[in-house]
Amino acid sequence: MDQKKILVAYFSATGTTERVAKAIADATGATLYEITPELRFTTDDLNWNDPSSRSSLEMHDPDSRPAIANTDGVNAADYDLIFIGYPIWWDLAPRQVNTWIESQKLDGKRVVPFATSGGSSIRGSVRDLKRLYPSIDWQEGRLLNGSPKSASDWAKSID
Ligand SMILES: Cc1cc2nc3c(=O)[nH]c(=O)nc-3n(C[C@H](O)[C@H](O)[C@H](O)COP(=O)(O)O)c2cc1C
């Protein structure tokens with residue numbers, strides 16, 4: 001019997017990635033954990049056409065690590081497999097994802113990235129995460145812009 005402990009940690013500003021994360025957690029029996037910014041994003045904060053919006057400022061600064069709430073809400077070290085989900089922002093993962101990864105002990109952990117986007121691939125964000133966190137055992141990630149059902153089928157196929 002498969003007793004593997006699975007965690008689905010996700011960040012979502014407008015709910016799209018959250019829907020996919022929930023589908024994956026339901027399908028795999030995983031614990032669901034939301035990476036919550038200490039300060040919630042407003043619509044203005046998310047305006048990528050405004051170079052001085054909060055998201056633009058955070059994403060244009062590679063060293064930005066915005067505070068997240070409930071960092072002690074979960075201990076990723078307790079899990080065998082960890083999915084990390086996020087929306088693609090400027091071809092990258094939002095910096096809150098970096099803040100969370102750096103708050104956990106993920107060395108040697110099997111981590112599977114997934115993302116939603118307006119059309120961009122997941123590749124640029126994965127490349128950057130691998131470069132920053134080479135000691136994580138990164139698994140093949142996937143862009144999940146399709147149905148939650150296909151997200152579930154994919155997630156169940158990972159062992
Ligand atoms: C600040 C910002 C930057 C974005 N940058 C990209 C991008 O580079 N490529 C892309 O395809 N979509 C981009 N998007 C669209 C989101 O990736 C897409 O809407 C995603 O599904 C939102 O997920 P969420 O509802 O979980 O926040 C961006 C959205 C925001 C708010």
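**Around the ligand**

Tutor: Ser12, Thr16, Thr17, Pro87 and Ser120 come nearest among the 20 residues around the ligand, where a residue counts as near if its C-beta atom, placed from the backbone, lies within 6 Å of the molecule. Before going on, note that this is a predicted model: local features need pLDDT of at least 70, side-chain atom pairs count only at pLDDT 80 or more, and totals for chains, interfaces and linings use all residues. Numbering starts from 1 along each chain as its sequence is written.

Back to the shell: H1 gives the most to it, three residues. Helices here are DSSP runs of H or I with at least four residues, strands are E runs of at least two, and both are numbered from the N terminus. By type, the shell holds eleven polar residues, seven nonpolar and two charged. Ala, Val, Leu, Ile, Met, Phe, Trp, Tyr, Cys and Pro count as nonpolar, Asp, Glu, Lys and Arg as charged, and the others, Gly among them, as polar.

H1 (16-28) also supplies at least two residues of the largest nonpolar core, a set of 41 residues. Such a core consists of buried Ala, Val, Leu, Ile, Met, Phe, Trp, Tyr and Cys joined through C-beta atoms within 7 Å; buried means 20 or more other C-beta atoms within 10 Å of a residue's own. Ile24 and Phe83 are among those with the most contacts inside it. Phe83 touches Ile24, and also Val8, Val112, Phe114 and Ala155, leaving aside residues up to four places away in sequence; touching means C-beta atoms, placed from the backbone, within 7 Å.

How values were computed: Buried ≥ 20, exposed ≤ 12 C-beta atoms within 10 Å, placed from the backbone. Contact = placed C-beta atoms within 7 Å.
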